[in-house]
Amino acid sequence: MAEPSGPRAPSGPPARPGLNRGPGRLLVTLYAVFAIGATSRSVYQLSTRFDEAPLAYLLSAVAAAVYVVITVALVRGGRGARRVALVCCAAELAGVLTVGTWTVLDPSAFPDATVWSDYGLGYLLLPLVLPVIGLLWLRRSPAGAGAV
C-alpha cells in the first residue's frame with residue numbers, strides 16, 4: 001500500500017491542556033497585570049519614599065515578587081512549575097490574610113497601604129481572591145500539564 005503524498009501532521013505527543021489554557025489564560029493575565037503593577041509601584045515607593053513607610057513598601061515588593069513567580073510558573077507549566085505555583089499561591093494567601101488582619105487590627109503600623117492591606121480592598125479584593133482561584137485551578141488542571 002502506498003502512503004499518501006502531501007504534508008503530514010507533525011508527530012509527537014498529543015497536545016495537553018496547559019496551566020495557561022482555557023480559564024488559566026485569564027488567571028495568567030490577572031497575575032501578569034498584578035506583577036507589573038505591584039513591581040512598578042514598589043520600585044517607585046522604595047526608591048522615592050522608603051523612609052515614609054518602609055514596612056508597607058517592603059511588603060509590596062514581596063507581593064510583587066510573588067506575583068512575578070506565579071505568573072512565570074503558570075506560563076511555563078510542568079510539574080516543577082506547578083509545585084512552585086502552588087507554594088507561591090499558598091504563600092500569597094497567607095500573606096494577604098496576615099497583612100490584611102494586621103492592617104485591620106493595627107492600622108498605625110502601616111502609614112501607607114500595601115497591595116495586601118485590608119485584604120486587598122484597594123484592588124477590589126482581587127489579592128484575596130486570586131490565590132484561592134489559583135489554588136483551585138492548579139488542583140483542577142491535569143497533573144503534569146504544561147505550556148504547549
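In this predicted model, let's start where two helices touch: Arg 82, Ala 85, Leu 86, Cys 89, Ala 90, Glu 92, Leu 93, Val 96 and Leu 97 of helix H3 meet Pro 127, Leu 128, Leu 130, Pro 131, Val 132, Gly 134, Leu 135 and Leu 138 of helix H4. Sort the residues of that H3–H4 contact by type and you get 14 nonpolar, one polar and two charged.

**The chain as a whole**

- The chain has 148 residues, and 37% of them are buried.
- Take the contacts between residues at least 6 apart in sequence: 70% of these join residues at least 24 apart.

**How H3 and H4 pack**

- Two packed helices are described by the angle between their axes and the distance between the axes.
- For H3 (residues 79–105) and H4 (residues 126–140), the axes come within 9 Å and cross at roughly 150 degrees.
- That angle makes H3 roughly antiparallel to H4, because angles over 145 degrees count as roughly antiparallel.
- The crossing of H3 past H4 is left-handed.

**How H1 and H4 pack**

- Helix H4 also meets H1: the axes of H1 and H4 come within 11 Å and cross at roughly 145 degrees.
- This crossing of H1 and H4 is left-handed.
- On the H1 side, the contact is made by Pro 23, Gly 24, Leu 27, Leu 30, Tyr 31 and Phe 34.
- On the H4 side, the residues are Leu 126, Pro 127, Leu 130, Pro 131, Ile 133, Gly 134 and Trp 137.
- By type, the residues of the H1–H4 contact split into 11 nonpolar, two polar and no charged.
- If you compare the lists, you'll find Pro 127, Leu 130, Pro 131 and Gly 134 of H4 in the contact with H3 and again in the contact with H1.

**Salt bridges around Arg 49**

- The count of salt bridges comes to two.
- One of them pairs Glu 52 with Arg 49, with the closest N and O atoms 3.2 Å apart.
- Glu 52 has a relative accessible area of 45% and is partly exposed, and Arg 49, at 24%, is partly exposed too.
- Why does neither residue count as buried? Buried means under 20% relative accessible area, and the values are 45% for Glu 52 and 24% for Arg 49.
- Asp 112 forms a salt bridge with Arg 49 as well, and here the closest N and O atoms are 2.9 Å apart.
- That pair links distant parts of the chain, 63 residues apart: Asp 112 sits in the loop between H3 and H4, while Arg 49 sits in the loop between helix H1 (23–48) and helix H2 (54–76).
- Put together, Arg 49, Glu 52 and Asp 112 are linked in a network of salt bridges.

**A look at Ser 60**

- You'll find Ser 60 in helix H2.
- Is Ser 60 buried or exposed? Ser 60 counts as buried, because its relative accessibility is 1% and the cut-off for buried is under 20%.
- Setting aside neighbours within four places in sequence, Ser 60 is in contact with Ala 38, Ser 42, Gln 45, Ala 113, Thr 114 and Val 115.
- From Ser 60 to Thr 39, the distance is 7.9 Å from C-alpha to C-alpha, with the two residues 21 apart in sequence.

How values were computed:
Residues are numbered from 1 along each chain as its sequence is written. This is a predicted model: local features need pLDDT of at least 70, side-chain atom pairs count only at pLDDT 80 or more; totals for chains, interfaces and linings use all residues. Side-chain values use heavy atoms; hydrogens and water are left out. Axes are lines fitted to C-alpha atoms, for helices over the stretch in contact, and angles run from 0 to 180 degrees between N-to-C directions. Helices (H or I, at least four residues) and strands (E, at least two) are DSSP runs, numbered from the N terminus. Angles under 35 degrees count as roughly parallel, over 145 as roughly antiparallel, 65 to 115 as roughly perpendicular and the rest as oblique. A crossing is left-handed if the near helix is turned anticlockwise from the far one by less than a right angle, and right-handed if clockwise. Contact means heavy atoms within 4.5 Å. Ala, Val, Leu, Ile, Met, Phe, Trp, Tyr, Cys and Pro count as nonpolar, Asp, Glu, Lys and Arg as charged, and the others, Gly among them, as polar. A salt bridge is a side-chain nitrogen of Lys or Arg within 4 Å of a carboxyl oxygen of Asp or Glu. Buried means under 20% relative accessible area, exposed over 50%, partly exposed in between (1.4 Å probe, protein chains only).
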